[in-house]
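Open the model in your viewer and keep the selection panel at hand. We start with the whole chain, then zoom in.

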Amino acid sequence: MDNLNMTDNLNMKETLLTKEDIYDGVILHVEKWQAQLPNGAIGVREMIRHVGASAVVPVDEEGNVYMVRQYRSPIGRHTLEIPAGKLESKSEDRLEAAKRELKEETGLEASEWVKLADVTPAAAYTDEVISVYLARGLTMGEAHPDEDEFLNVIKMPLDELCEWAATGKLNDSKTLCGLLLAKRYIGG
């Protein structure tokens with residue numbers, strides 16, 4: 001596979017036959033699909049629908065990143081992550097959501113914004129897309145986390161965080177992508 005051609009095997013598309021709503025929650029919506037597979041067989045797909053999210057890699061003039069440390073119940077431990085949060089609706093502007101989340105979680109505002117990527121953290125079972133931004137030209141204000149958010153803001157050098165990413169000390173997918181793409185964009 002010297003040249004990966006993303007248009008090869010276009011006949012591998014699945015066709016949705018039926019869709020059943022399983023659960024309609026505040027954050028997640030679960031559906032069960034029956035799909036016709038490329039070989040004609042019928043397969044079952046469980047799909048988690050998610051409104052989407054935005055995430056921010058806030059880097060100051062000295063090359064430090066403002067991270068949030070918080071407890072994540074699904075994995076039963078604390079994580080170190082870039083600031084992020086879900087969209088209020090599918091139609092919400094993703095950059096505006098990123099600005100809101102940065103301010104709420106860290107108190108920071110930024111004068112320079114660059115979109116780094118749209119990340120699909122688990123394409124096998126969810127349609128969630130996380131838009132990741134680099135924020136620079138930072139000014140500090142007061143944080144206003146959501147009532148159900150308990151987090152600590154930690155400032156660390158981007159180079160050290162990228163080393164942590166490369167050695168497995170970080171494992172949050174949006175954070176890994178965001179840090180490495182920010183490092184590449186900034187240089188190095």
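**Ground rules.** This is a predicted model: local features need pLDDT of at least 70, side-chain atom pairs count only at pLDDT 80 or more, and totals for chains, interfaces and linings use all residues. Numbering runs from 1 along each chain as its sequence is written, and side-chain values use heavy atoms, with hydrogens and water left out.

**Select the protein chain.** Colour by secondary structure. You get three helices and ten strands (DSSP runs: H or I of at least four residues for helices, E of at least two for strands, numbered from the N terminus). The order along the sequence is β-β-β-β-β-β-β-α-β-β-β-α-α. Along the principal axes, the C-alpha atoms fill a box of roughly 55 × 45 × 30 Å.

**Colour by burial.** Of 188 residues, 38% are buried (under 20% relative accessible area, 1.4 Å probe, protein chains only). Now turn to contacts (heavy atoms within 4.5 Å). Of those with a separation of 6 or more, 58% join residues 24 or more positions apart.

**Select 158–166.** This is helix α2. Show the side chains of L158, L161, C162 and A165, its buried residues. Looking down the axis of α2, they fall within an arc of 100°, so they line one face of the helix (the arc is that of the directions from the helix axis to the C-beta atoms).

Select β5 (64–72), β6 (77–81), β10 (151–157) and α3 (173–186). These are among what covers the buried residues of α2.

Conventions:
Buried means under 20% relative accessible area, exposed over 50%, partly exposed in between (1.4 Å probe, protein chains only).
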